[in-house]
Amino acid sequence: MLNRNPRTLGAVAASIAIALLAGCGGGGQPQTNADGTPLKVYRHSMDGAPVNLDPVQSAVVYSNFVVLNAYDTLYSYKYLARPYELKPNLAKGMPEVSEDGLTYTIHLKEGSGFIDDPAFPDGKGREVVAQDFVYSIKRHFDPKNRSQGAWLWQGRIVGLDQWKDDGADYSQDVEGLKALDDHSIQIKLVKPYPQLTYTLAMGFSGIVAQEAVEKYGRELSIHPVGSGPYKVERFSTAKAVLVPNPNFRQEPVDLAAEGFDPAVHGDYGLDAIDGKAPPFVDRLEIDFITETASRWASFTSDKEVQFTSVPVEQIDSVLGSKQPVTVSDAWAKRYHWKSGVEAGFIYTYFNMDKPYFGYNDDPAIEAKNKALRCAMRDAFSWAERNERFYSGIGTVFPGIIAPVVPEFDPSLSEASVTQHMEKAKQQLRDAGWTPETLPELTYGYSSAVFYRQVFEQFRGFMNQLGFPLAKIQGRTFATFGDFNKAIKTSQLDIGGLGWGLDYPDAENTLQLFYGPNRTPGSNNPNYANPEFDALFEQASTMQPGPERTELYRKMNEMVIDDCVAITGMSRNKVYLWHKNVVGVPDREILGGFWLKYVDVKTGGSEE
Amino acid sequence: MDTLQYALRKLVTGIPLVLGVTFISFVLMVYFGPDKTYELIGKNATPEQIAEIRSQLGYDEPFFVRYADYLRQLVTLEFGYSDSTGERVSRILTRTIPVSLALTLPGFVLGNVLAVVLALVAGFYRGGLIDRAIMAGAVVGMSISFLIIIIGFQVLLSSSYGINYFPVRGWEVYSLADYLYYVTVPTLAIVFVSLGYNTRFYRAVIVEEMNRDHVRTARAFGTPPIKLLFRNVLRNAAIPIITRIMFSIPLVVISGSLLIESYFGIPGVGKVTYDAITTGDQPILKAVVGATAVLFVLTLIATDVMYKVIDPRVSLK
């Protein structure tokens, strides 16, 4: 009888085709567990590859995704609740915060263990203790680790910066970062930092074991030894294979507490995991596929990756409607789907350092420069940007407080994101600009066809405004690193950028315009508004609430009024996944955490 | 003994070549390559952190100190760790080169063997219908982009729009059956794309040989076509063919095939090299450049020795 297994069929066909051996034995990884039950494999796909799995270098979304599954964090996010809500992960409860907001005490759950690994005596993973957390945060301040996450705690925790300056000696205690006992942590802050708990839910705060760092050194980056739900069995730039960590704590899922809403999540089969302890799959494979044609072919072959974001070139064939986003019946019948706005946004910044364009010692010239920037913003069409490059499904919004955060103001005027070409031309004339006097501006972008097209569209808008084409010059960079260097050294006048939120708090985007964060910090426009900075500092120690939201919104309006950037739009993604997969994917704030809950139905064909 | 002496002499004279290649490459890397610093920094880096990273990458060292360090690494074969992944460079190469070899070797061998056979047939029927049909096929193969060929084969053989027998992606090789399962489609793509170029080149060589007096004599003598082609034509045309094949080997070993590896999700050295070039991962680049230079020298020696084996009239001096 012919075996219909594609692998066997393929092997047979290949054998015949190249006239090699007849009857080659099938091999491959086992497809069943030791008890004979079918192996549950979930095969995820991502549109980029992580390069480094050390938590201190997990800045890139792809690294963070895997790190959150290999390493444990004190906090995570509720699986299904939106807006995003924090919840204890390795921590027993939310932090106990002193009245002055300066001291955080966090108790750890007992019995959570690192994976079994030769780094530990007898190869047996030991229990995670408070000292591991302290060690893990200290690593960010050890220069040899090239941390990408130190900025989260820099100047925030008492004594930590000094510990670095004193030579990063791990035997030395840090006053503001202590293990009170094996299961209690105390963090003392220099000043209140309401976002601290969010930072403890990021991959950067993944808890590592000192033994593993000592054994693997720099190669911890490819050999994660964590206490997360999975153990990384194999990792390359093409694929990561993870298996459950048997030492992971047994915590049954409480769907109601995770924010389950039958009206929203009822079709995804999640009730199957309610009351059971994750992880549920026997093997988690993550394919890193940058080529959209390959990812799409793999997904639609129905025997490989079980999840994909819909590539731009397939959007028109997959979607039933764009406003609101729905997929056509044929695709909805075949796959589960979901769409969602990204936790972040794209924008075009103006470099305020340039005296012919930004700040100038002469108030008259500065006012004239501002009129120029505002005219450029008003000449820009977000509607066309959205339609041309993002399938028309992005969410355009005014300012820098993205729709995904609770502080977003849906009632804010959209004048700053609506094209007013005639008004823009009038602004130029009123300020005395002519095609001859307009400055020559350099727009930077990474060397790729997409970015070139985006630049040309920008240049087209500016040309309509009155800029001679030669006065908007594109400057390409072979790599993102070189592009980033040009930004951080203030070489460019204009650049297109994106920002992914680290946590669901508008402070994370407002800090992009905070004066002291000027380049090489994250304030790429080098915006320096004392009033903005004072409000930012005032808000930075406040707990969430209407008063803080009011300050955030004032800052947002300042950025709009000063025409520091053309902003913004949150891109919308459409996800498809196979019907035998139980789960609700999310790659935004929740990120890799959701893979802990994924399950696969076995036995029988897909629904 | 003469051959051994010749090989050793060539090996010694290859040293300046390796030095020259590595020096020029290193100048390009240092002065024209990407600056890795700004890929490694965090979102809110301070000037001090940038300086720390530059120092760790060795960017603040004088050029000749860095080049001397590179030469030391070449001699000791210890290139340190990748600046991107943190993995030891030697481990990366020993992990990925065998995969690339296993991936590209069948296509390389088949692409050359088939091309030689087609070139012999085309040369034998020079100017006729068969010759024109083969050359037309070769032009078609040369004209279609490798990317289109890959996607075309994936759609035909690996997707639900085609026969869907083979995988789109992956490299889970534990047995011969697995190997055939994963290597077939990439091999077909490699053969398809290489056949055109190879056939045209080999045909030109064969045609030139076909016009020689000794071939005409053999034909007049009544030598059967197969014997004529393989003994009188191919053997005498072997030197340019071998030269082409031999000098492709270092590229097959080191470069792998970037597009094939990317589109089929195969963790080979081609993708590693490409990523290193685009991100300025100098430890990997230094190793790849050095290894390629050394391999070329070895190939050069092996090719000369093979000339002697094939044609005893060639003297190794």
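User: In this predicted model, how close do the axes of helix α7 and helix α8 of chain B come, and at what angle do they cross?

Analyst: The axes of α7 (residues 146-158) and α8 (residues 176-210) of chain B come within 9 Å, and they cross at roughly 140°.

User: Why is α7(B) called oblique to α8(B)?

Analyst: Roughly antiparallel takes an angle over 145 degrees, and roughly perpendicular covers 65 to 115. The crossing here is at roughly 140°, so α7(B) counts as oblique to α8(B). As for the hand, α7(B) passes α8(B) in a right-handed crossing.

User: What makes up the contact of α7(B) with α8(B)?

Analyst: From α7(B) you get B:Phe146, B:Ile149, B:Ile150, B:Phe153, B:Gln154, B:Leu157 and B:Ser158. They meet B:Val185, B:Leu188, B:Ala189, B:Phe192 and B:Val193 in α8(B). By class, that's 10 nonpolar, two polar and no charged.

User: How many residues of chain B are in contact with chain A, and how many of chain A with chain B?

Analyst: 52 residues of chain B are in contact with 59 of chain A. The largest share of chain B's side, six residues, comes from α8(B). That side has 22 nonpolar, 18 polar and 12 charged residues.

User: Over in chain A, why is strand β1 described as largely enclosed?

Analyst: A residue is buried if 20 or more other C-beta atoms lie within 10 Å of its own. Five of the six residues of β1(A), residues 41-46, are buried, so the strand is largely enclosed by the rest of the structure.

User: How do you know that β1(A) pairs with strand β10 of chain A?

Analyst: Pairing needs at least two bridges, and six join β1(A) to β10(A), residues 283-288, with the strands running parallel. For one, A:Tyr42 has A:Leu284 as its bridge partner in β10(A).

Technical notes
Residues numbered from 1 in each chain as written. Chains lettered and ligands numbered in written order. Predicted model: local features only at pLDDT ≥ 70, side-chain atom pairs only at ≥ 80, totals over all residues. Axes fitted to C-alpha atoms, helices over the stretch in contact; angles between N-to-C directions. Helix = DSSP H or I, 4+ residues; strand = E, 2+ residues; numbered from the N terminus. Parallel < 35°, antiparallel > 145°, perpendicular 65-115°, else oblique. Left-handed = near helix turned anticlockwise from the far one by under 90°. Contact = placed C-beta atoms within 7 Å. Nonpolar A, V, L, I, M, F, W, Y, C, P; charged D, E, K, R; others polar. Buried ≥ 20, exposed ≤ 12 C-beta atoms within 10 Å, placed from the backbone.
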